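Here are some notes to read beside the structure. Please keep the sequence open as you go through the points.

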Amino acid sequence: MYDAGKIILGLVFFLVVITFPIWYNAASGKAAYVPELKIITTAKACVAPTEYMKVAHMHLLNQWRDEVVREGQREYHSFDGKVYRKSLSNTCLDCHSNKTEFCDRCHSFMAVGQPNCWNCHIVPEEARP
Amino acid sequence: MSIDRRMFFRIAGLASLGLAGKPVLEALAYGENPAGVKPAPASPGSIQPAAPLVARRWAMVVDLKKCIEQGDCKECIAACHFWHNVPDFGNPKDEVKWIWKEPFQHVFAGQEHEYIEDKLRHQPTLVFCNHCDNPPCVRVCPTKATWKREDGIVMMDEHRCIGCRYCVVACPYGSRSFNWRDPRPFIKKLNPQYPTRTRGVVEKCDFCTERLAEGQIPACVEACKAKAMIFGDLESADSEVRALLRDRFAIRRKPELGTNPEIYYLV
């Protein structure tokens with residue numbers, strides 16, 4: 001191969017440039033960033049354990065939607081024996097009334113910023129500081 | 001097998017003992033909540049589930065006489081449209097409506113005639129979804145976004161509606177409205193208890209299923225000052241709707257189509 005040194009050097013330079021965003025983020029600590037959610041409720045527990053809600057709230061909401069609309073079952077019996085009304089606007093958002101600081105932070109970070117729930121379901125007015 | 005007299009008495013005695021034990025058995029069968037014992041107070045964060053209104057076949061009776069006497073009131077319409085966040089676009093082309101008034105001769109086309117009673121002729125008549133027993137809208141819906149519930153309510157699932165508007169075309173009563181535009185900005189006062197709709201879905205009266213589940217009667221029935229709207233169970237012989245239908249002559253809209261509408265108008 002002619003000019004092997006130049007080519008290899010060029011390739012290494014190319015790789016460094018193309019992967020720059022990855023190692024830059026790793027070095028600056030941005031890769032370890034997790035959005036911080038603000039919980040403003042005084043309630044001790046959610047309708048399901050926090051770990052479950054983190055990964056599966058969308059499945060729970062879909063399940064609630066189908067059970068309420070299609071089967072008319074509107075009560076949710078939670079893991080700790082409490083009874084809740086299955087309602088996004090009137091149960092979930094009762095506690096998490098700060099949608100911008102709770103829902104939106106993760107959703108924007110994960111680039112699922114616009115779930116179409118809010119086209120119909122009403123978000124309560126957020127208390128402005 | 002033949003039974004002698006002694007044997008008969010023995011069995012009869014045992015059977016009566018069994019009957020005496022029935023209340024105990026019943027109390028056991030209800031488990032945590034035997035008759036007379038109040039349920040434990042709900043833990044904080046819990047709701048006390050309300051007793052829902054249930055029926056085998058929901059239906060509505062509209063007493064046109066009372067409705068006419070009341071004059072040109074709009075309480076039922078206002079109550080329904082507020083409760084369900086129905087928008088007012090201000091033009092008939094985009095109009096969304098769950099309950100509204102039409103002239104009598106339009107509502108009962110084919111049942112009126114040239115010399116019909118003066119007070120009926122131009123009488124604005126209350127119309128809304130007929131919750132047909134044989135609903136054509138359900139038949140044409142390609143996604144099962146609309147279906148007939150076991151209690152007869154023709155229900156609408158806006159989550160599943162794809163906006164094809166087959167149902168709008170199929171409904172012979174014009175009970176269905178399509179959201180051509182985003183309705184949010186056109187709702188004067190939002191009711192946070194109920195969602196709005198979005199652009200591209202069909203909506204209609206659903207007999208306030210969400211209110212029935214909480215033990216409340218439909219918003220229009222509750223709002224009517226003249227008590228001209230009566231809501232009840234057609235399958236229960238001692239319900240108010242059945243009593244009215246027994247005593248007075250009632251007509252329905254376009255019964256000849258075979259949709260079997262379940263809104264009855266007393267004339």
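1. Chain A holds 5 helices and 2 strands, where helices (H or I, at least four residues) and strands (E, at least two) are DSSP runs numbered from the N terminus. Along the sequence, chain A follows the order α-α-α-β-β-α-α.

2. This is a predicted model, in which local features need pLDDT of at least 70 and side-chain atom pairs count only at pLDDT 80 or more, while totals for chains, interfaces and linings use all residues. Residues are numbered from 1 along each chain as its sequence is written, and chains are lettered from A and ligands numbered from 1 in the order in which they are written.

3. The radius of gyration of chain A is 23 Å, whereas a compact globule of 129 residues would have one near 14 Å; the radius is taken over C-alpha atoms, and the globule rule is 2.2 Å times the number of residues to the power 0.38. The C-alpha trace of chain A spans about 75 × 40 × 30 Å along its principal axes.

4. How many residues of chain A are in contact with chain B? There are 19, and they meet 18 residues of chain B, a contact being two residues whose C-beta atoms, placed from the backbone, lie within 7 Å. On the side of chain A that touches chain B, α3 (50–71), β2 (83–85) and α4 (88–95) of chain A each supply at least two residues.

5. Among contacts in chain A between residues at least 6 apart in sequence, 59% join residues at least 24 apart.
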